[in-house]
Number of protein chains: 2
Amino acid sequence: MLDWEDLRSFLAVARAGTLSGAARSLGIRQSTMGRRLAAFEARAGVLLLQKTPRGYVLTSAGEAALAEAEKMETAALAAERAITGQDTRLAGEVRLTTIETLAAEVLMPILAQFAADYPGILVKLISSQRTLSLAAREADLAVRMARPLGGDLVIRKLGDIGYGYYTSPAYLARHGVPTPGGAGHRVILMEDDAPNFPEYVAMAQYFAEAEVGFRSDSRYVQLQACKAGLGVACLAHYLAAPQGLARLPGCDANREVWLVQHRDTKETPRFKALSAALVNGMKAQNALLAG
Amino acid sequence: MLDWEDLRSFLAVARAGTLSGAARSLGIRQSTMGRRLAAFEARAGVLLLQKTPRGYVLTSAGEAALAEAEKMETAALAAERAITGQDTRLAGEVRLTTIETLAAEVLMPILAQFAADYPGILVKLISSQRTLSLAAREADLAVRMARPLGGDLVIRKLGDIGYGYYTSPAYLARHGVPTPGGAGHRVILMEDDAPNFPEYVAMAQYFAEAEVGFRSDSRYVQLQACKAGLGVACLAHYLAAPQGLARLPGCDANREVWLVQHRDTKETPRFKALSAALVNGMKAQNALLAG
DNA sequence: CAGTCATTATGCGTTTACGCATAGGAGGCC
DNA sequence: GGCCTCCTATGCGTAAACGCATAATGACTG
């Protein structure tokens with residue numbers, strides 16, 4: 001009879017490719033993971049993961065087992081959600097995830113009020129680079145900058161975020177207002193040109209003839225670069241407006257903001273409470289957000 | 001993040017209804033099971049199993065979790081079978097299950113030869129009262145007295161077992177040959193009248209007017225009762241014929257013998273080897289078995 | 001109503017599994 | 001080639017989990 005925790009370890013190693021990576025994903029030590037895998041294979045009697053110079057790769061025997069281990073994981077996560085969904089206390093922890101600027105500038109005042117209203121609920125605000133999975137219970141609620149699709153998700157629209165081209169007064173005085181094409185101007189962009197955010201795509205078109213003045217993946221760094229006169233940035237109104245930057249014409253991009261949670265935890269009281277607070281709080285800031 | 005082994009423990013308790021029963025089913029102690037369940041519920045934060053005077057019963061929260069835990073078990077068993085199915089060694093353990101008499105009288109000589117042919121393979125012969133589940137990996141191969149239906153099973157017919165009415169020469173001398181109806185005779189039956197084995201049903205009809213002389217669930221006990229002159233028993237030819245009992249007319253019941261294994265382990269060499277030995281060995285005894 | 005058999009709860013000693021620390025490779029990059 | 005980083009392997013001490021034993025409780029039976 002195989003140990004279910006060992007199956008989980010096997011799954012982690014098969015995914016990560018290394019003992020260390022697998023151990024990290026489960027929050028245990030690499031030495032422990034190595035021993036567990038050894039125990040698992042000893043009991044299985046078959047070699048499931050072959051050690052190669054590039055890490056562990058599945059044998060053909062392992063592939064068959066992997067498929068079932070993944071089914072186990074799916075069921076385990078569903079069980080976890082089912083249990084959470086049955087938690088009727090108006091207390092405990094809620095993990096909310098969204099992008100950094102929205103969290104800091106828009107959500108914080110809402111959460112401050114919420115903390116006062118529900119002292120028993122602890123909100124954990126996670127602003128991860130990576131989009132966290134609600135299905136995998138990496139977070140309970142998510143505020144997303146686009147309408148999520150598919151999955152067993154429940155979604156509510158929180159509002160629209162308007163974007164504009166901004167620059168510092170000093171830059172404006174020296175270079176003037178850019179015309180379409182942006183010839184002779186400098187723009188502040190993301191590290192990679194990959195992102196297909198609507199406002200970013202529009203900017204790439206509008207400033208097709210401009211040069212790159214600065215690059216950063218952090219909106220806050222972009223904001224500071226903008227204030228320092230390094231060029232024109234495409235920023236959300238809520239972020240740029242209070243900073244005394246000059247708003248330039250030519251941008252009418254906006255993005256929808258959606259509140260997302262998993263269907264299984266829809267009825268959980270503490271999630272409902274935070275959800276309602278976010279909907280109301282965002283509604284009150286509608287004018288600022290749209291610009 | 002819930003512990004998968006705890007989920008398994010929860011499932012066991014939900015099924016068994018008691019900590020002790022659950023512990024037995026997993027091969028651990030009752031104290032351990034109690035502590036695991038406590039840890040599980042503490043982490044879940046919700047009461048999943050309510051303790052009642054009659055044992056543990058699921059709360060509504062628990063029912064949701066149970067369904068997922070059962071899916072996990074299904075996947076875990078499938079994983080185990082997948083792993084076993086990939087074991088290419090012509091060595092190791094094979095667990096074979098069937099009824100007691102067939103095991104002792106018919107299978108033993110076949111297994112003795114098999115043990116000599118394949119010294120690396122250890123055959124475990126389990127003659128359990130209860131029909132063991134191949135899907136749950138309680139056994140690897142099963143010799144069944146009826147054609148199994150459904151499931152992901154692979155089946156091969158091993159032959160037919162003939163039955164006859166037998167009694168001791170002394171009983172026969174005193175009571176004569178029974179006529180249809182069996183009036184004035186005594187029959188040896190099972191403990192309960194429930195079993196719907198074909199030969200048993202036929203006997204109940206044929207001896208409708210007879211009295212009950214003895215009851216036992218063990219065929220060996222029935223055999224001895226028969227030899228002791230307690231009445232007429234319906235016994236398989238292979239069991240009764242070598243014992244010097246008198247065979248009576250009126251019985252033409254027979255049952256098919258099938259070899260069963262799970263589809264997932266069909267290709268495993270050591271199972272294939274035993275399977276072939278059983279098929280050949282049974283074929284050689286066809287005449288004796290049919291009577 | 002006592003006796004039996006099942007259950008759960010708890011204390012104690014031991015084993016096991018774990019984290020930590022360290023040593024020994026195996027690429028990747030300047 | 002040397003350095004850096006990430007990996008795996010292994011020894012050691014500790015802490016958590018386990019088995020065992022026992023007590024307490026409750027249900028069924030004669």
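Which backbone oxygen lies 2.9 Å from a polar atom of the side chain of Thr167(B)? It is the backbone oxygen of Gly231(B). This briefing concerns a predicted model, in which local features need pLDDT of at least 70 and side-chain atom pairs count only at pLDDT 80 or more, while totals for chains, interfaces and linings use all residues. Residues are numbered from 1 along each chain as its sequence is written, chains are lettered from A and ligands numbered from 1 in the order in which they are written, and side-chain values use heavy atoms, with hydrogens and water left out.

**Thr167 of chain B**

- Thr167(B) belongs to strand E6 of chain B, which covers residues 153-167; strands (E, at least two residues) and helices (H or I, at least four) are DSSP runs, numbered from the N terminus.
- With a relative accessible area of 0%, Thr167(B) is buried, a word that stands for under 20% relative accessible area, as against exposed for over 50% and partly exposed in between (1.4 Å probe, protein chains only).
- When its neighbours within four places in sequence are left aside, Thr167(B) is in contact (heavy atoms within 4.5 Å) with several residues, among them Leu172(B), Cys226(B), Gly231(B) and Leu248(B).

**Tyr206 of chain A**

- Tyr206(A) sits in helix H7 of chain A, residues 198-206, and counts as buried because its relative accessibility is 17%.
- Although Tyr206(A) and Pro180(A) are 26 residues apart in sequence, their C-alpha atoms are 5.5 Å apart in space.
- Not counting residues up to four places away in sequence, Tyr206(A) touches Pro180(A) and others, including Tyr165(A), Gly182(A) and Pro249(A).

**Domains 1 and 2 of chain A**

- Chain A is divided into domain 1 (4-85), domain 2 (92-160 + 255-290) and domain 3 (161-253), with bounds that come from an automatic or database domain assignment.
- The centres of domain 1 and domain 2 of chain A, taken over C-alpha atoms, are separated by 32 Å, and six residues of domain 1 are in contact with 10 residues of domain 2.
- These two domains of chain A bury about 670 Å² between them, 54% of it on carbon and sulfur atoms; buried area is the accessible area (1.4 Å probe) that two parts lose on being put together, summed over both.
- On the domain 1 side, Arg81(A), Thr84(A) and Gly85(A) lose the most area to domain 2 of chain A, together 76% of what that side buries.
- Two salt bridges are found across the interface of domain 1 and domain 2 of chain A, each being a side-chain nitrogen of Lys or Arg within 4 Å of a carboxyl oxygen of Asp or Glu.
- Arg81(A) also forms a salt bridge through its side chain with that of Asp264(A), at 2.9 Å from N to O.

**Chain B against chain A**

- 34 residues of chain B are in contact with 34 residues of chain A, and the two chains bury about 2900 Å² between them, 72% of it on carbon and sulfur atoms.
- In chain B, the residues that lose the most area to chain A are Trp4(B), Arg8(B) and Ile83(B), together 27% of what that side buries.
- The count of salt bridges between chain B and chain A is zero.
- Helices H1 (4-16), H2 (19-26), H3 (30-44) and H4 (60-85) of chain B are the elements that give two or more residues to the side touching chain A, and H4(B) provides the largest share, 16 residues.

Notes
A polar contact is a pair of N or O atoms within 3.5 Å; within protein, one must be able to donate a hydrogen and the other to accept it, and residues adjacent in sequence count only if both atoms are side-chain atoms.
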